[in-house]
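Hi everyone, thanks for coming. Let me put the structure up on the screen, and then we can walk through it together.

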Amino acid sequence: MLSKPLPIRLLSLFPLFLFSSLALAAGSIDGEVERQSVNPTAIAMFLVFVCVTLYISYWASKRTTTSAEFYTAGGGISGLQNGAAIAGDFMSAASFLGITALIYATGIDGMTLALAAFAGWPMMLILLSERVRNLGKVTFTDVVALRLEQTRTRVIAVLGSVSVVVMYLIAQMVGAGKLIELLFGLPYEVAVIIVAALVMAYVAFGGMLATTWVQIVKALLLLSGITIIGVLVLYSVDFNLNELLRQAVDKHPRGDDILTNGVWIDDPIQILTLLVSMMFGTLGLPHILMRLFTVPNMEESRRSAFYASVFIGYFFLLLIVAGFGTIVFVMGNPEYTDSAGKLLGGGNMAAIHLANAVGGDLLMGFMSAVAFATILAVVAGLTVAGSAAISHDLYAQVLCKGKPDPDKEIRLTRIVTLVLGLLAVALGIVFQEQNVAVIATLPMVVAASVNLPILLLSLYWSKLTTRGAVAGAIVGFVSAIGLIIVGPKVWVDIIGFEKALFPYDYPALFTMPAAFLAIWIVSKMDNSKRAQEDRANFEGLVRQSETGRIA
Amino acid sequence: MSTSRDVQTLIRKKNRLRVVMAIIIMALYFGFALGYGPLKALFAEKMAGSLIPFGLVYFVSLIFSFVIIELIYLKFAKDLDPKDEEVSHYAK
């Protein structure tokens, strides 16, 4: 039996959970991993998923001939379908495994992460879904560059997009390698290559249409899986939440403390930095924003964001039930823990063990396969976004001044997709031994500090100028990277100093306002001829953004 | 409705709606951080006769409230969308 006070073995899991929020953000799995024995049920179910999704890619490839079809699935996706695809793009394996693991270790603090991951969605609906849809064609960079000077604006927005995509990709690939090693018993390198090869097949042939349907299938599988687990857990306590909590309190070495905030992080500012990074980071993710262009109009775009938030909210509510379920069913159970009380396979295995405890090998195999599918769906979304940033934003819009040869563009798009796939394998292997916690922190913070300020102000502030946007993006980028370097994860954990120069893990609370301030000051001081043009363009932009008609 | 509405007024109204709703969402959301500071005791408070802490109730209520706010926004935003003839009039 585990004994109070908090045992060392539980404390030893803490480094894992201290960064699982960012892992959740960027979908990475980290921490200790012990390769499991080969799991035939999981592999069989995963192979079914692969066959179905490859067929989808084949079907989609016949409908993907132009670059517009490649990037936006021809704009023919409905709001409900897109909402499901967004949920599939956004709900990561790490949110499923990471939040349940956090609840397993610390109790109710896991809900803070769930809330942080959910709360960007109503803001997306209200502030961005309509205007972004009406102004852009392929990427959020289109929107930002519409009223500002094309070349400079696109270059800085591409910097924001590509850096977020690459950092997210690294976190995903390293996470994928570890997760698949953990769940399927496959070697790390093999796992990374399988993920990249499948994603290249989906994206290079089927573009956004295939990616959309892969994400929809994945979302439905993940939601079905979590529903089954949630219902089985609740069934075991006669659907009495109070009884579930009572049993969890009885089982957990921290007892009643698991129902109190602050076991995980006991600092309101640290929590605030996390909440800011997650909410505003979500609003600046290029692969998520890109999904808004796959629907035919702004009404469907609004619906997309709404349905996405319904799916994601439902997922996180059930995740809380599953989290407490792990304490009741897995903690102290000799089938899933060693003699020291440590989870077999590592801290991330709580949810998978729970699936086994409530649904046997079949449900465990199913959830393992879903976790694998989840990674594929997220990496596919990232690959489309990365490919669009390079082929559409840089090549077609900057180098060809908006008039590319359509055949060359689509060819380049597919080549970039393949290059990104190879890059993903290389990055996954190079960063295999690195602390991906750092890499996984970056995308949300950079998205909140670079992409969001320029996007939001380009939509809503008449006085924004090109110079202001460039200055804000640079300030956001440099301050985000700089504060992460002098923060606890790099300064202490990697470089080895005793104390961090900056005490918080997620600097967006400071770097995002810094970017806004820089944009405001520089735009205000900007009296250039271009600045006058930028300001004069605002009225036409508002008209287009609200009516969908070009002025 | 047959009367043509002024598109600029519609845009102003929608922007006001966006600002009000975004402020409500952020206030509710960032209020959650208080549960780690000044309101920690309140968040740990158990709901009558149960083990369910206020923090959990707040979390669940936030998810539902956000979805309700979104539904309200969807309804009002649709009403405030300019119709084709109104846009044509505005474009002139």
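Let's begin with A:Thr100, which touches A:Leu319, A:Ala322, A:Gly323, A:Thr326, A:Ala350 and A:Ala351, once we set aside its neighbours within four places in sequence. Please keep in mind as we go that this is a predicted model. A:Thr100 belongs to helix α7 of chain A.

Staying with α7, let's look at its partner. Helix α7 of chain A covers residues 93-106, and its axis comes within 8 Å of the axis of α8(A), crossing at roughly 150°. The two helices are therefore roughly antiparallel to each other, since angles over 145 degrees fall in that class. On the α7(A) side, the contact uses A:Ser95, A:Ile99, A:Leu102, A:Ile103 and A:Thr106, while α8(A) brings A:Gly110, A:Leu113, A:Ala114 and A:Ala117. Sorted by class, that contact has six nonpolar residues, three polar and no charged ones.

Helix α11 of chain A, residues 150-184, packs on helix α18 of chain A, residues 406-430, with the axes 8 Å apart and an angle of about 65°. That angle makes α11(A) roughly perpendicular to α18(A). And which hand does the crossing have? α11(A) passes α18(A) in a right-handed crossing. A:Leu169, A:Ile170, A:Met173, A:Val174 and A:Gly177 make the contact from α11(A), and they meet A:Ala424, A:Leu427 and A:Gly428 of α18(A). Here the classes come out as six nonpolar, two polar and no charged residues.

On to the two chains together. In total, 39 residues of chain A are in contact with 38 residues of chain B. Which elements of chain A give two or more residues to that side? They are α8 (110-118), α9, α13 (241-251), α14 (268-282), α16 (298-329) and α24 (538-547). Of these, α16(A) gives the most, with eight residues. The side of chain A that touches chain B divides into 24 nonpolar, eight polar and seven charged residues.

Helix α9 of chain A, residues 120-135, has a kink of about 50°, centred on A:Leu128. α9(A) is also mostly covered, with 16 of its 16 residues buried.

A:Asp238 is not a glycine, but its phi is positive, at about 55°. A:Asp238 sits in the loop between α12 (188-236) and α13 of chain A, and it is exposed, with 8 other C-beta atoms within 10 Å. A:Lys401 is not a glycine either, and its phi is positive at about 50°. You will find A:Lys401 in the loop between α17 (350-399) and α18 of chain A. A:Lys401 counts as exposed because it has 10 C-beta neighbours inside 10 Å, and the cut-off for exposed is 12 or fewer.

That's my tour, so over to you for questions.

Technical notes:
Residues numbered from 1 in each chain as written. Chains lettered and ligands numbered in written order. Predicted model: local features only at pLDDT ≥ 70, side-chain atom pairs only at ≥ 80, totals over all residues. Bend = angle between axes of the 7 residues up to and from the residue. Helix = DSSP H or I, 4+ residues; strand = E, 2+ residues; numbered from the N terminus. Buried ≥ 20, exposed ≤ 12 C-beta atoms within 10 Å, placed from the backbone. Contact = placed C-beta atoms within 7 Å. Nonpolar A, V, L, I, M, F, W, Y, C, P; charged D, E, K, R; others polar. Axes fitted to C-alpha atoms, helices over the stretch in contact; angles between N-to-C directions. Parallel < 35°, antiparallel > 145°, perpendicular 65-115°, else oblique. Left-handed = near helix turned anticlockwise from the far one by under 90°.
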